[in-house]
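Here's a quick tour of one model, written for someone who likes cut-offs spelled out. Have a look at the structure first, then read on.

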Amino acid sequence: GELGRRIELLGDIVDGQVEYAPGWPLVADVQGRVHVAGADTRVEVQRAVSQQVQIGEAAMVLRDNSAYVEGELRATADAGAALEFVRASPLRENLSFVTPAWQGSGRLHIQAGLTIPIRTDAAPALAVELDFDSENVALAMPEYRMVVRQLDGSGTFSLPHNLDGEFSASLFGQPADILAHYNDDWLFFDIDGRATPADVYRILETDDRVPIEGAFDFDSILAIAMRGGITNLFVESDLRGLRIDLPGDFAKAAEAAEPGDINLQFLADYQSVSWRYRDVRGWLHHGDGIERGAVGVGIPPPMTAQTERAIVIAGRMPRVVLSDWVSTDGESAVALPLDWIIQGLKVDQFAIDEVNLADVLLTGEQSGDAINFGFEGPTVRGRVALQGTAPVTIALDYLALPSTDEVIETHIGAPQPDPISVAVGRSLPAARVSIDELKIGTDPFGSWRFNIE
């Protein structure tokens with residue numbers, strides 16, 4: 001029979017441009033050779049550039065009459081150019097978390113295997129397999145308030161989001177180790193490093209509020225949702241190296257170890273922050289600023305209405321010394337970012353100077369410079385109000401004080417011991433005091449109205 005005819009073409013490419021598939025960046029400045037043989041076209045590239053990614057060597061084949069492209073290449077890219085390539089190509093559909101706000105610098109050395117469909121009806125799916133080395137890479141991720149510097153290491157990547165690698169880096173100006181891994185639904189970055197309270201406040205986008213000094217080691221996981229979950233950052237530490245100057249049992253020496261953690265969820269309209277320290281747990285919602293929150297002492301923190309613009313405090317405490325938390329001029333020891341509401345805080349022992357009250361249910365609120373407390377228990381019921389420089393208002397329905405151990409003379413005119421020392425009176429702030437019913441021991445002492453100047 002008649003022999004089939006076959007034509008082969010072989011030629012050089014000098015300063016060529018190749019638009020190899022719709023939606024992919026143009027390949028320019030191509031230096032290489034093309035070989036057309038039957039249904040396949042082979043291109044050997046000595047060098048080229050695509051979206052500022054420098055291609056050193058490439059062997060590409062257009063298969064099945066240009067139904068798809070497959071091949072291998074070596075490239076070197078600035079990290080910023082690599083991010084632009086992702087955003088300018090169909091890779092952005094799988095790596096949508098690489099937003100326009102991300103910035104990068106430093107070198108990436110890449111070896112890649114590619115399969116790129118051209119005619120979707122007759123081609124295999126897009127496939128990308130990369131081996132890469134990072135050299136002094138810096139990566140800024142504003143959505144997560146992180147800037148990683150001096151990122152060095154090796155990794156692999158394949159679609160849809162299969163990133164594996166181990167890297168050393170600098171985070172918060174301290175050495176850090178980063179491990180990248182994945183599953184079907186998540187891309188994970190395990191980050192171990194060291195930070196200061198200022199670094200934490202920067203990530204939370206809030207001001208310095210709690211009296212903490214020092215630095216601490218931490219383990220963390222940045223989990224980026226790939227299939228509809230909520231991207232989150234979880235940080236845990238034994239807090240060794242931090243001195244926490246909170247009142248009472250919440251204080252911690254720098255050398256002491258206490259477990260603590262923070263979980264930051266990146267939602268569409270706001271960030272949700274939950275945290276744990278000792279037996280205290282809390283949460284905050286942060287939009288343009290901190291909007292609301294809650295603290296639970298020994299219990300889960302309560303939920304609040306979305307319209308609430310305060311931090312709600314509830315739970316149980318073994319002992320509260322009022323002067324530890326509120327000074328005589330009405331200043332709180334801890335400057336919370338919002339007004340606060342105390343919602344049924346059970347206190348086993350409540351101390352006001354030398355007066356100790358047992359089993360007190362404490363309520364209260366702060367609104368601007370006005371602070372109000374309510375007390376209820378077997379020995380006290382009433383309210384205390386502080387506002388600015390005005391005298392404190394103390395209005396008690398009843399107050400039962402323990403009897404003195406001293407012997408009380410019963411004859412008329414005999415001097416009686418004061419159950420509260422004179423020094424306490426001298427230390428008290430200006431106040432307007434009313435006590436409807438006063439009892440010392442089992443003895444009634446009537447009702448009282450007096451001012452402290």
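First, the housekeeping. This is a predicted model, with local features needing pLDDT of at least 70 and side-chain atom pairs counting only at pLDDT 80 or more, while totals for chains, interfaces and linings use all residues. Residues are numbered from 1 along each chain as its sequence is written, and side-chain values use heavy atoms, with hydrogens and water left out.

**Core**

Let's start inside. The largest nonpolar core has 108 residues, and Phe 189, Phe 350 and Phe 373 touch the most other members. A nonpolar core here is a set of buried Ala, Val, Leu, Ile, Met, Phe, Trp, Tyr and Cys residues joined through side-chain atoms within 4.5 Å. Buried means under 20% relative accessible area, exposed means over 50%, and partly exposed is in between (1.4 Å probe, protein chains only). In soluble globular proteins, nonpolar side chains tend to be buried together.

Which residues does Phe 350 touch, not counting those up to four places away in sequence? Val 320, Leu 322, Val 355, Asn 356, Leu 357, Val 360, Leu 362 and Phe 375. Contact means heavy atoms within 4.5 Å.

Helices (H or I, at least four residues) and strands (E, at least two) are DSSP runs, numbered from the N terminus. Helix 1 (residues 79–87) is largely enclosed by the rest of the structure, because eight of its nine residues are buried. Among the buried ones are Leu 83, Phe 85 and Val 86, and Arg 87 is on that list too. The cover over these buried residues includes strand 3 (40–50), strand 4 (53–63), strand 5 (68–78), helix 2 (91–94), strand 6 (103–117) and strand 7.

Helix 3 (residues 197–204) has Pro 197, Asp 199, Tyr 201, Ile 203 and Leu 204 as its buried residues. Just after helix 3, Glu 205 takes a positive phi of about 55°.

**Buried polar residues**

Two polar residues in strands are worth a click. Gln 31 sits in strand 2 (residues 27–37) and is buried, at a relative accessible area of 12%. Its side chain makes a polar contact of 2.5 Å with the side chain of Asp 15. A polar contact is a pair of N or O atoms within 3.5 Å; within protein, one must be able to donate a hydrogen and the other to accept it, and residues adjacent in sequence count only if both atoms are side-chain atoms. Beyond four places in sequence, Gln 31 also has contacts that include Ile 13, Glu 44 and Arg 47.

Ser 134 belongs to strand 7 (residues 127–141). Is Ser 134 buried or exposed? At 8% relative accessibility, Ser 134 is buried. A polar atom of the Ser 134 side chain lies 3.2 Å from the backbone oxygen of Leu 151.

**Salt bridges**

The structure holds 15 salt bridges, each a side-chain nitrogen of Lys or Arg within 4 Å of a carboxyl oxygen of Asp or Glu. Here are three of them.

| Pair | N to O distance |
|---|---|
| Arg 240 and Asp 238 | 4.0 Å |
| Arg 316 and Asp 348 | 3.0 Å |
| Arg 449 and Asp 436 | 3.1 Å |

Arg 316 is partly exposed at 48% relative accessibility, and Asp 348 is partly exposed at 29%. As for the last pair in the table, Arg 449 is exposed at 55%, whereas Asp 436 is partly exposed at 38%. Salt bridges that share partners also join Asp 40, Arg 63 and Glu 70 into one network.

**Surface patch**Finally, the outside. Phe 445, Trp 448 and Phe 450 form a nonpolar patch on the surface, with about 280 Å² of accessible area together. Patches are made of residues with over 30% relative accessible area and no salt bridge, with like charges joined within 9 Å and nonpolar side chains (Val, Leu, Ile, Met, Phe, Trp, Tyr) within 5 Å. Accessible areas come from the Shrake-Rupley method with a 1.4 Å probe, and for residues only the protein chains shown count as cover. Phe 445 is in the loop between strand 28 (443–444) and strand 29 (448–452), and is partly exposed at 40% relative accessible area.
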